[in-house]
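Let's take a walk through this structure together, one piece at a time. Have the sequence and the 3D view open as you read.

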Amino acid sequence: MPDKFFYNLFKEQLSLSETLATYLNLIANLIVFLFLGFILFRVIRYVGRKAIHKIADKTGTQLDDMLIKNRVFLNFSRSVILVVIFNFIKELLADFPNVLSASERILSIAIIFSVVWFLKSVLNSIKDFLRTMDAFKDKPLDSYVQIFMIALWLISIILSFSVLTGKPLIKFLTALGAFSAVLLLIFKDTILGFVASIQVAVNDTVRIGDWITMDKYGADGDVVEINLTSVIIRNFDNTISSIPTYYLTSDSFKNWRTMSNSGGRRIKRAILIKINSIRFLTESDIENFKKIALITDYINEASGKVNNYNTEHNIDKTVLLNGRNLTNFGSFRVYLDHYIQNHPQINQDMLLMSRQLEPTPNGIPLEIYAFSKEKVWEDYERVMANIFDHILASVKYFDLEIFQNPSSIDIQNLRDLSVTKQENTVREK
């Protein structure tokens, strides 16, 4: 037998005792075997990489990079070496039956787990490869890999216990059936997450890369990962939020994907106009408003209709309230409509208007409702800021005022004005 070569050398040539020759024979055989195993390990890795590189050069895919990145050949080589060792272990440990039995069990368990690691690396490679394809970029592939790995680890653990104890596999499966209620409790979140990830994928409610908002959990950012247990969100302040996957089906959230794919991002903001600054327009006001280019035609047409109506009905215009009149607030709203309709960054094919909301104790809200062509947050904010900069600056041209709570300086100015008036009154007396 080949494993007796060193034994004969130590026993016959060096005249060592049988016990010592047996142990030295084992050590020598292990050294030779491990050396040959290492060489085989390196050869398998090298040949595997070369073969995949040749295939990849012909197909032009990134599969070889994925396989190397996830150490597929390393894990495959380990599995092959462990199988080879298992097949030769009887020859190496023929003189040590007790050690042989324990070694075979340990090697069997090692082979089981090495195969699991190999399959895991293959699955991760497939997952990474699918990520390079447009059809799978936004799919929760991590969830499917994880559920498969959970099943694989569970099977490997059962097989390992069966090998370690020498009990038939059927007994462990029977015990597992009795233990299923406990397992369901232990893996409750995993099961819920798996079901939720399937619902999310089938209903297409969330994709990787979507911007979602969940105020309840303080999440506002892009989805970077969807797995069995959690959804990882990179918030816009560069923090990370982790939300249980099944919350995507049990709680409400806002997905901004439709907005990103649409023709514009909504602008919906209001300013508060002081009620006591709203008034009818006089002839002088009308003449001044005709000079504002965006509403010249409107003022001419509207004032003409008003004058014709008042003339036809013999309205006494010595009192401005009588008859029909234009207002500075109405004219301002028309101005804003024309301004938005002529704005280059507003999508004219979508709904746009300025509207008056219900009066509040702080004034009348005048709201702008339109859709910006720019949907990226930074550009969108610039467009909206520019629009309202113009609105805030143009209010005074219509003799309107914007409501603002008085500050300490305003109160101080009023106090100083009151003191000045009192002093002037005293001097006049």
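Start at valine 72, which counts as buried because its relative accessibility is 7%; buried means under 20% relative accessible area, exposed over 50% and partly exposed in between, with a 1.4 Å probe and protein chains only. Before going further, keep in mind that this is a predicted model, where local features need pLDDT of at least 70, side-chain atom pairs count only at pLDDT 80 or more, and totals for chains, interfaces and linings use all residues. Residues are numbered from 1 along each chain as its sequence is written, and side-chain values use heavy atoms, with hydrogens and water left out.

Valine 72 sits in helix 4, which covers residues 72-92. Helices (H or I, at least four residues) and strands (E, at least two) are DSSP runs, numbered from the N terminus. Which residues does valine 72 touch, if you skip those up to four places away in sequence? They are Leu67, Phe118, Ser121, Val122 and Ser125, where contact means heavy atoms within 4.5 Å. Take serine 125: in sequence it is 53 residues from valine 72, yet in space the two are 8.0 Å apart, C-alpha to C-alpha.

Leaving out residues up to four places away in sequence, serine 121 touches Asn70, Arg71, Val72 and Asn75.

Now move on to the sheets. Strands of a sheet pair through backbone hydrogen bonds, either parallel or antiparallel.

Strand 6 and strand 8 are joined by 9 bridges; for instance, isoleucine 267 has alanine 370 in strand 8 as its bridge partner, and arginine 266 has phenylalanine 371. Strand 7 and strand 8 share 4 bridges, and methionine 353 stands opposite tyrosine 369 in strand 8.

Is strand 8 enclosed or exposed? With 9 of its 9 residues buried, strand 8 is largely enclosed by the rest of the structure. In a regular strand the side chains alternate between the two faces of the sheet. Both faces of strand 8 are covered, with Ile364, Leu366, Ile368, Ala370 and Ser372 buried on one side and Pro365, Glu367, Tyr369 and Phe371 buried on the other.

Next, the helices around helix 14. The axes of helix 14 and helix 15 come within 12 Å and cross at roughly 150°; axes are lines fitted to C-alpha atoms, for helices over the stretch in contact, and angles run from 0 to 180 degrees between N-to-C directions. The two helices are therefore roughly antiparallel to each other, since angles under 35 degrees count as roughly parallel, over 145 as roughly antiparallel, 65 to 115 as roughly perpendicular and the rest as oblique. The contact is made by Phe332, Tyr335, Leu336 and Tyr339 of helix 14 and Asn386, Ile387, His390, Ile391 and Ser394 of helix 15.

Finally, visit the largest nonpolar core, with its 34 residues. A nonpolar core is a set of buried Ala, Val, Leu, Ile, Met, Phe, Trp, Tyr and Cys residues joined through side-chain atoms within 4.5 Å. Ile267, Ile295, Phe332, Ile387, Phe388, Ile391 and Phe398 touch the most other members. Elements that each supply at least two residues of this core include strand 6 (265-273), helix 14 (328-341), strand 8 (364-372) and helix 15 (377-394). Helix 14 gives the most, with 7 residues.

Note on methods: Pairing = 2+ DSSP bridges.
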